[in-house]
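We will go from stop to stop, selecting a few residues each time.

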Amino acid sequence: MADLNEHFAEAAREIKSHGGMINKFIGDGIMALFGAPVAHADDARRGVACALRMIELNQEFNRRRATEHLEPLVMGIGIHTGEAVVGNIGAPEKMEYTAIGAAVNVASRIEGQNKPFDSQILISEATCHLVQDFFEVELAGQAALKGITEPVALYKVTGLR
């Protein structure tokens, strides 16, 4: 648990430094928002730049783990750009600031495709259109995502342009 908390602390600093907000920790994952509560014209670019830096931090983290003969922490990131409902949701006893909607679900499902596509950062076509001038991207393939009728084009992010 201490290792995961250390990893989360590094990721949290990176998310904040790129203008994102941690929405919640979900098991061993993080849901981060870019564009809420304050939107920026380059939120998609900020999110992808943050993802690349988080992969670098994960590699450094795993090098430290290797010196202690510990298994690496495998990381996969899914990014999608779209509309979401953002605000306080819940009951009087428990309110939570969060994002809901199809865009959030798509991002989560994209993250789950990293293993089949042997990737660490996958983005949707919507995000790709916004960031392809700044980052090296390559078509990973089409994926059938739960709740989406048509296959979705996914792109691997491999570095800065």
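Start by selecting Glu14, Arg53, Glu56 and Glu60, which a network of salt bridges links together. Here a salt bridge is a side-chain nitrogen of Lys or Arg within 4 Å of a carboxyl oxygen of Asp or Glu.

Before moving on, a word on what you are looking at. This is a predicted model, in which local features need pLDDT of at least 70 and side-chain atom pairs count only at pLDDT 80 or more, while totals for chains, interfaces and linings use all residues. Residues are numbered from 1 along each chain as its sequence is written, and side-chain values use heavy atoms, with hydrogens and water left out.

**Stop 1: inside the network**

Keep glutamate 56 and arginine 53 selected: they form a salt bridge whose closest N and O atoms are 2.9 Å apart. The two are three residues apart in helix 2, so about one helical turn separates them. Glutamate 56 is partly exposed at 39% relative accessibility, and arginine 53 is partly exposed at 28%. (Buried means under 20% relative accessible area, exposed over 50%, and partly exposed in between, with a 1.4 Å probe and protein chains only.)

**Stop 2: the whole of helix 2**

Now select residues 43-67, the 25 residues of helix 2. Helices (H or I, at least four residues) and strands (E, at least two) are DSSP runs, numbered from the N terminus. From first C-alpha to last, helix 2 reaches 36 Å, close to the 36 Å expected; that expected span is 1.5 Å times one less than the number of residues. Just after helix 2, click on histidine 69, which takes a positive phi of about 60°.

**Stop 3: the core**

Which residues have the most contacts inside the largest nonpolar core? Select Val48, Met54, Ile77, Ile121, Ile123 and Val157 to see them; the core has 20 residues. Such a core is a set of buried Ala, Val, Leu, Ile, Met, Phe, Trp, Tyr and Cys residues joined through side-chain atoms within 4.5 Å. Among the elements that give two or more residues to this core are helix 1 (2-17), strand 6 (121-124) and strand 8 (152-160). Helix 2 supplies the largest share, seven residues.

**Stop 4: two links across the chain**

A search of the whole structure finds nine salt bridges. For one of them, select arginine 65 and aspartate 3, whose closest N and O atoms are 2.4 Å apart. Arginine 65 is in helix 2 and aspartate 3 in helix 1, 62 residues apart, so to speak of distant parts of the chain. Is each end buried or exposed? Arginine 65 counts as buried at 15% relative accessibility, whereas aspartate 3 is partly exposed at 32%.

Next, select lysine 24 and glutamate 96, whose side chains meet in a salt bridge (2.9 Å, N to O). Lysine 24 lies in strand 1 (residues 21-26) and glutamate 96 in strand 5, so this pair ties together parts that are 72 residues apart in sequence.

**Stop 5: a hairpin and its patch**

Finally, select strand 4 (residues 85-91) and strand 5 (residues 94-100). The two run antiparallel, joined by seven bridges, and a hairpin of two residues connects them. (Strands pair if DSSP finds at least two bridges between them.) Valine 85 stands opposite isoleucine 100, and isoleucine 100 is partly exposed, with a relative accessible area of 42%.
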